[in-house]
Amino acid sequence: MATWSNFNLQNSASPLMEQIIFFHDHTLIILIMITILVGYLMMNLFFNTYINRFLLEGQMIELIWTIIPTITLIFIALPSLRLLYLLDELNNPLITLKSIGHQWYWSYEYSDFTNVEFDSYMTNYDQSNINNFRLLDVDNRIILPMNNQIRIMVTATDVIHSWTIPSLGVKIDANPGRLNQTNLFINRPGIFFGQCSEICGANHSFMPIMIESISIKNFINWINNYS
Ligand code: CUA
């Protein structure tokens with residue numbers, strides 16, 4: 001969970017988020033190298049007194065400063081494509097969770113079971129309760145088993161919303177009249193938070209997502225006792 005002092009990515013709780021963080025770091029290092037190089041060159045250009053009265057063209061330097069950025073971009077593009085296809089891959093999901101965006105709450109359906117569906121509203125902040133997370137807590141949490149492939153189907157009923165959980169590397173738009181698919185793999189037990197990230201109206205900030213990741217045994221128990 002992110003707190004006010006966290007300006008970085010949240011710790012990953014899924015293999016895909018791990019890959020996203022690796023790609024972010026890789027790209028950031030390239031970016032830093034470019035910034036330092038260009039910064040150094042510009043400093044040199046500004047603070048010198050050299051004059052070249054015959055400078056008209058420089059074929060070789062133009063060739064170099066065209067080829068080098070091209071190669072640099074390939075070094076970013078190839079891992080980016082790899083990540084793109086990894087994120088889209090779904091291999092034999094155990095269960096399917098359907099998330100439906102509304103103004104302004106989410107509702108969930110466990111389509112593999114009959115009558116397992118509920119609305120999930122943000123709850124009021126209760127300062128006396130230590131297990132209460134301001135603006136992130138909901139009345140009905142999503143319960144999911146850890147260490148399993150989970151298919152997520154996302155849609156909306158009114159306007160566009162976005163089902164986003166930073167620590168799991170999931171961010172997918174919920175469009176009315178469409179059904180989007182993504183996947184999820186949680187590699188540890190815990191509670192994971194998300195928020196809508198498509199500006200959807202007055203209470204856009206107040207439709208959080210809360211996932212409770214538990215063992216498969218406890219999950220079966222929860223499903224069996226669901227009324
Ligand atoms: Cu729903 Cu923003």
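This is a predicted model: local features need pLDDT of at least 70, side-chain atom pairs count only at pLDDT 80 or more; totals for chains, interfaces and linings use all residues.
User: OK. Where does UniProt put the transmembrane region feature?
Analyst: At residues 20-42 and 63-87, from an unreviewed entry. UniProt positions are in the numbering used here, feature names are shortened, and annotations may be inferred rather than shown by experiment.

User: And how much helix is in those two spans?
Analyst: Residues 20-42 are 100% helix and 0% strand, with the end C-alpha atoms 32 Å apart. Residues 63-87 are also 100% helix and 0% strand, and there the end C-alpha atoms lie 36 Å apart. Helices (H or I, at least four residues) and strands (E, at least two) are DSSP runs, numbered from the N terminus.

User: What does UniProt list for residues 92-225?
Analyst: The unreviewed entry has "domain: Cytochrome oxidase subunit II copper A binding" there. In the model that span is 7% helix and 44% strand, and its end C-alpha atoms lie 26 Å apart.

User: How is the chain divided into domains?
Analyst: Domain 1 is 15-88 and domain 2 is 95-225; the bounds come from an automatic or database domain assignment. Their centres, taken over C-alpha atoms, are separated by 39 Å.

User: How many residues does each domain bring to the contact?
Analyst: Domain 1 gives 5 residues and domain 2 gives 7, where contact means heavy atoms within 4.5 Å.

User: And what area is buried between them?
Analyst: About 460 Å², with carbon and sulfur atoms giving 52% of it. That's the accessible area (1.4 Å probe) that two parts lose on being put together, summed over both. On the domain 1 side, Pro15, Leu16 and Met17 supply 73% of the area buried against domain 2, more than any other three residues.

User: How many salt bridges are there between the domains?
Analyst: The count is 0, a salt bridge being a side-chain nitrogen of Lys or Arg within 4 Å of a carboxyl oxygen of Asp or Glu. Helix H1 (residues 15-46) gives the largest share of the domain 1 side that touches domain 2, 4 residues. By class, that side has 5 nonpolar, no polar and no charged residues. Here Ala, Val, Leu, Ile, Met, Phe, Trp, Tyr, Cys and Pro count as nonpolar, Asp, Glu, Lys and Arg as charged, and the others, Gly among them, as polar.

User: Switching to backbone: which peptide bond is cis?
Analyst: The one from Gln103 to Trp104, with omega near -5°. Trp104 is in the loop between strand E1 (95-102) and strand E2 (105-110).

User: And what's phi at Leu135?
Analyst: Near 70°, a positive value in a non-glycine residue. Leu135 is in the loop between E3 and E4.

User: Why flag either one?
Analyst: Because most residues other than glycine have a negative phi, and most peptide bonds are trans.

Methods
Residues are numbered from 1 along each chain as its sequence is written. Side-chain values use heavy atoms; hydrogens and water are left out.
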